[in-house]
Amino acid sequence: MPDAVHVVALCASGLAGVTTSESVVHHTVNHWRAAPARTYRRLMRISDVVRLKGGDVVTVRSDASVTELLALLSEHRIGAVVVSDDGETVHGIVSERDIVRHLHTDGAALLETPVHQIMTAEVHTCVPEDSLDDLESAMTEKRFRHVPVLSDGKLVAIVSIGDVVKNRIDDLQAERDQLRTYIQS
Ligand code: AMP
């Protein structure tokens, strides 16, 4: 059934509401052969995200002080830093939330504390071949906003929740434009 195929395709695009319009369904039925090749969402991989944003990762040595960490966060306008002594091996991750939590319990003494004492040592990482959808689910479920990307066990990039959201918006806008073109043609 050609109409069913395209109703499903439009639903799958995340714009299911569009299909409730009679004119759209009618148009879809009459022009199903001319439909764009892809109305489904493209499977995005971490490698696609890294290609767009680049592989710069700010790291900090595990023996650096929280004061040094604060300088990095401020200088680079970021929310988390990967803890690594050689720039490749991930020992941990430390985010502004760790600083806030420890500042509350330790007070000003925190500034001289080495980063390894406040970092999260069990880091959730991903590889370039992973799907963005899976990463998004992990970030939502585990409640962190930064995930280092490893290739052959070495740090090559970092993906933040901001990168995920930007990608999602770009994707939705591309789909909307594609559907508009199809509906108006
Ligand atoms: P975030 O939301 O990234 O600012 O981090 C919130 C908390 O999760 C902090 O305690 C971080 O140290 C920790 N965290 C951040 N990213 C990760 C990660 N990829 N794996 C494990 N813990 C993380």
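**Pockets and the ligand site**

The model is a predicted one, so local features need pLDDT of at least 70 and side-chain atom pairs pLDDT 80 or more, while totals for chains, interfaces and linings use all residues. Residues are numbered from 1 along each chain as its sequence is written, and side-chain values use heavy atoms, with hydrogens and water left out.

A pocket here is an open set of points on a 1 Å grid over the protein atoms alone, where a 1.4 Å probe fits and protein lies on both sides within 12 Å along at least five of seven lines; lining residues have an atom within 4 Å of a point. The largest pocket holds about 320 Å³ of space, a volume being the space filled by probe spheres set on the points, which are joined across faces, edges and corners. Its lining counts 15 residues, with I93, S95, T120, R143 and F144 nearest the centre. Helix 5 gives the largest share of that lining, three residues, and strand 3 also supplies at least two (helices, H or I, of at least four residues and strands, E, of at least two are DSSP runs numbered from the N terminus).

What sits in the largest pocket? The ligand does, in the sense that more than half of its atoms lie within 2 Å of the grid points. Around the ligand are 14 residues, and D98, T120, H124, R145 and H146 are the closest (near means a heavy atom within 4 Å). Strand 3 (92-95), helix 5 (96-106) and strand 4 (146-151) each put at least two residues into this shell, which is made up of five charged, five nonpolar and four polar residues.

Polar contacts (pairs of N or O atoms within 3.5 Å) come next. A polar side-chain atom of H146 is 2.6 Å from a ligand oxygen, and an N or O atom in the R145 side chain is 2.7 Å from an oxygen of the ligand. H124 uses a backbone N or O atom, 2.8 Å from a ligand nitrogen. Of the 470 Å² of accessible area that the ligand has on its own, the protein covers 92% (Shrake-Rupley method, 1.4 Å probe).

The second largest pocket has about 240 Å³ of space. Its lining has 13 residues, and K53, D56, V58, I78 and I158 are the closest to its centre.

Terms used. Polar contact = N/O pair within 3.5 Å; in protein donor to acceptor, adjacent residues only side chain to side chain. Nonpolar A, V, L, I, M, F, W, Y, C, P; charged D, E, K, R; others polar.
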